[in-house]
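I opened this entry to write down what I looked up, item by item. The model comes first, then my notes.

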Amino acid sequence: MRLVPLCRNIEVSELCYGTLTLGPLQKGLTPEEGGRLLCVAFELGVNFFDTAELYGTYPHLASGLAEHMHKVVIATKSYAADAAGMEQSLAQALRSLNREYIDIFLLHEQESVHTLRGHAQALEYLLRKREQGYVRAVGISTHHVAGVRAALEYKEIDVIHPLINKAGIGIVDGSREDMARAIFDARKANKGIYAMKALGGGSLHKDAHAALSYVRELPGVAAVAVGMSSPVDVYANCTLFSHGAFPPDYCAGKSKRQVLIEPWCTGCGVCVRYCPQGALSLASGKAVVNEAQCVLCGYCVAHCRDFNVKVI
Ligand code: SF4
Ligand code: SF4
C-alpha cells in the first residue's frame, strides 16, 4: 500500500485503521482479538492507526503492534481542556502504548473557534511537548465545518481529522460541499488531513466502494480512517486501497449495526447531552435514537454508567 505525506515528515498509509470499532464502545473485542486484526492490517501494508482515550483501544494496539511499535504512526485524541488534563492524557497514552512519543495528538471533537479557545491551555501543552519531542504533530478532530475553519486560524496546528462522506451524514453544521471546501482550504494552509466516517458510520456500506472513492479523491485528503472489526473487512479494505477494488463477492457491513437502548434505561438524559449528532432525545422517560442522525460513533455508550445504551 502506498505511503503518502501527511505533515511534518510523517508518512502514512492511505488506509488508516480506525480502532473505535474494536473496543468496548462497539464490538468489544479483547485486546488479543483486536490486536490480531491490527497485526494483520500492518502485515498488509497499513502503518497508520487512529485511536482516542475514549475508545479504550490502547490495550489492543499494545497487544497487536508490540513488535512493530517503532514502525507505525499512531494518532490519538483527548477531551482534556487544560494543561493538567492533557499532561495526564499524554502520560496515559505513552504508558499504555509503551512508547516514548505519540505521532499525532488531537484535541477531540472541536466544534468551532470557541471550543478551540476553550482548549487553549491543552493546545499550548501539546505544542510544548511537540518541541520536546514527546509529540510529533498536533491537531484536532471535528464533525463541524466550523471546526475545520477554526483550525485554519492556528498556524501551529498540523493535522485535521474531519468527518466527511458522500451523503454528508454526520456533518453537524453544513453540507458535504461546505466540508469539502473547508478541507480544500485547510490543505492549502498546509494542514495534513485524514478523514473519518467515509462510510457514514455504516449507512453507506452497500455502496462502500463509491463511498470510499469519493473521500479518497477529495482534493486535500491524504488518508481515510476506516473502522474494521473482522479479518474479512481488514483484508477487503487493504485490497481496495492497494489494488483499487474489493475482492470479488465482498459485501461490506453484512450485518447492519444499530444503537440499542435497554428497556431499563432510567431516562437520566446523560447520553442525550453527550451525543455529538443530536441523535438522542428523551420520550416517555427513556432515551430514543433518531437513526437518520446517528453515525454509530458509540460516544453515548461511554456516558451511560449503567450500560443501558449499546452499539450492536
Ligand atoms: S441510556 Fe443511560 S445515560 Fe441514556 S438516558 Fe438511559 S440511563 Fe441515562
Ligand atoms: S446516538 Fe450514540 S452512536 Fe449515535 S451519534 Fe449519538 S452518540 Fe453516536
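**Overall size**

Along its principal axes the C-alpha trace spans about 50 × 50 × 40 Å.

I noted the conventions next. This is a predicted model, in which local features need pLDDT of at least 70 and side-chain atom pairs count only at pLDDT 80 or more, while totals for chains, interfaces and linings use all residues. Residues are numbered from 1 along each chain as its sequence is written, and chains are lettered from A and ligands numbered from 1 in the order in which they are written.

For contacts (C-beta atoms, placed from the backbone, within 7 Å), I took pairs at least 6 apart in sequence, and 71% of them join residues at least 24 apart.

**Domains**

How is the chain divided? The domain assignment gives domain 1 (3-243) and domain 2 (259-311); such bounds come from an automatic or database domain assignment. The C-alpha centres of the two domains lie 24 Å apart. Their contact takes 13 residues from domain 1 and 11 residues from domain 2. On the domain 1 side I recorded five nonpolar, six polar and two charged residues. In this classification Ala, Val, Leu, Ile, Met, Phe, Trp, Tyr, Cys and Pro are nonpolar, Asp, Glu, Lys and Arg are charged, and the others, Gly among them, are polar.

**Strands**

I recorded 11 helices and 14 strands (DSSP runs numbered from the N terminus: helices are H or I with at least four residues, strands are E with at least two). Strands β1 (residues 3-7) and β2 (residues 10-13) run antiparallel and are joined by four bridges; a pair requires that DSSP finds at least two bridges.

I moved on to β9. Strand β8 (residues 159-162) pairs with β9 in the parallel sense over two bridges, and V159 has G192 as its bridge partner in β9. Which residues of β9 point which way? G192 and Y194 point one way, I193 and A195 the other, and all are buried. In a regular strand the side chains alternate between the two faces of the sheet.

**Positive phi in loops**

K197 lies in the loop between β9 (192-195) and α8 (208-216). Its phi is near 60°, a positive value in a residue other than glycine. Is K197 buried or exposed? K197 counts as buried because 27 C-beta neighbours lie inside 10 Å.

L296 also has a positive phi, about 60°, although it is not a glycine. I place L296 in the loop between β13 (286-289) and α11 (299-303). L296 is buried, with 26 other C-beta atoms within 10 Å.

**Ligand shells**

Which residues are closest to ligand 1? I list C265, C268, C271, C304 and N308, from a shell of 13 residues (a residue is near if its C-beta atom, placed from the backbone, lies within 6 Å). That shell divides into eight nonpolar, four polar and one charged. For ligand 2 the shell has 14 residues, the closest being C275, Q277, C294, C297 and C300. The shell of ligand 2 divides into 12 nonpolar, two polar and no charged.

**Two single residues**

E262 sits in the loop between β11 (259-261) and α10 (270-274). With 13 C-beta neighbours inside 10 Å, E262 counts as partly exposed. The C-alpha atoms of E262 and F307 are separated by 8.4 Å, at 45 residues apart along the chain.

A62 lies in helix α2 (residues 58-64). A62 counts as partly exposed, with 18 C-beta neighbours inside 10 Å. Leaving aside neighbours within four places in sequence, A62 is in contact with S96, L97 and N98.

Note on methods. Contact = placed C-beta atoms within 7 Å. Buried ≥ 20, exposed ≤ 12 C-beta atoms within 10 Å, placed from the backbone.
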